[in-house]
Amino acid sequence: AAPKFYLKDGTDVSRAVSIAIDGEIWVLSSDGVVSRLLKGTRVSYAVAAVDPAMTDARRIRIDGGKYVHVLESGRIVRFDRKTGALVAQYSSDDLKGATDFVLSPDARTALVSVGNKVVRFGLPE
C-alpha cells in the first residue's frame with residue numbers, strides 16, 4: 001500500500017533520533033525531549049529534568065507498561081511512563097560510546113551495544 005502521513009497535528013519530529021512503539025509512538029530527540037503520540041496526535045507528556053542534562057540521547061525503549069528508558073552515552077535514564085517523573089539513572093563508564101540497547105521483558109536487565117561488544121547491565125528497581 002502507499003505510505004500515509006501519520007502525524008495529524010503538525011508535531012515536529014525532524015530532530016528525532018529514535019522511536020519506540022507500544023500502542024503509542026514515543027519519539028526521542030537528541031536533547032532528551034520525549035514526544036508521545038496517539039493516533040497521530042501529540043499527547044501531553046514531558047520527562048523530568050535530569051542532572052546532568054541530556055545532550056546526546058540516542059535510543060528510547062518502553063518496557064511494556066511501567067517505564068520509559070533513554071540511552072545516552074554513559075547512562076540509561078528511567079522515567080515513569082505515565083507521569084514522566086525521574087525514577088533512576090544508571091551510570092557506568094562501560095556505557096560510554098553505547099549506541100543501542102534492548103530490555104529484558106521485566107526491564108531488570110539491559111543488553112547494550114558498545115563498540116564491538118554487547119554488555120549486560122542489571123537495572124534494579
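**Salt bridges and a buried serine in a predicted model**

Arginine 15 is partly exposed in this predicted model, its relative accessible area being 48%.

Me: Which residue forms a salt bridge with arginine 15?
Reply: Arginine 15 lies in the segment before β1, and its partner sits in the loop between β2 (25-29) and β3 (34-38), so the pair ties together parts that are 16 residues apart in sequence. The closest N and O atoms of the two are 3.3 Å apart. The partner counts as partly exposed at 31% relative accessibility, and this residue is aspartate 31.

Me: Is serine 18 buried or exposed?
Reply: Serine 18 has its place in strand β1 (residues 16-21), where, leaving aside residues up to four places away in sequence, it touches Trp26, Val27, Leu28, Arg58, Arg59, Ile60 and Arg61. Because buried means under 20% relative accessible area, and the value for serine 18 is 8%, this residue is buried.

Me: Which backbone nitrogen lies 3.1 Å from a polar atom of the side chain of serine 18?
Reply: Among the residues that serine 18 touches are Arg59, Ile60 and Arg61. The backbone nitrogen at 3.1 Å from a polar atom of its side chain belongs to isoleucine 60.

Me: How many residues apart are aspartate 100 and arginine 61?
Reply: The side chains of aspartate 100 and arginine 61 meet in a salt bridge, with 2.5 Å from N to O. Aspartate 100 belongs to strand β9 and arginine 61 to strand β5 (residues 57-62), so that the pair links distant parts of the chain, and the separation is 39 residues.

Notes
Residues numbered from 1 in each chain as written. Predicted model: local features only at pLDDT ≥ 70, side-chain atom pairs only at ≥ 80, totals over all residues. Heavy atoms only, no water. Helix = DSSP H or I, 4+ residues; strand = E, 2+ residues; numbered from the N terminus. Buried < 20%, exposed > 50% of the residue type's maximum accessible area, 1.4 Å probe, protein only. Polar contact = N/O pair within 3.5 Å; in protein donor to acceptor, adjacent residues only side chain to side chain. Contact = heavy atoms within 4.5 Å. Salt bridge = Lys/Arg side-chain N within 4 Å of Asp/Glu carboxyl O.
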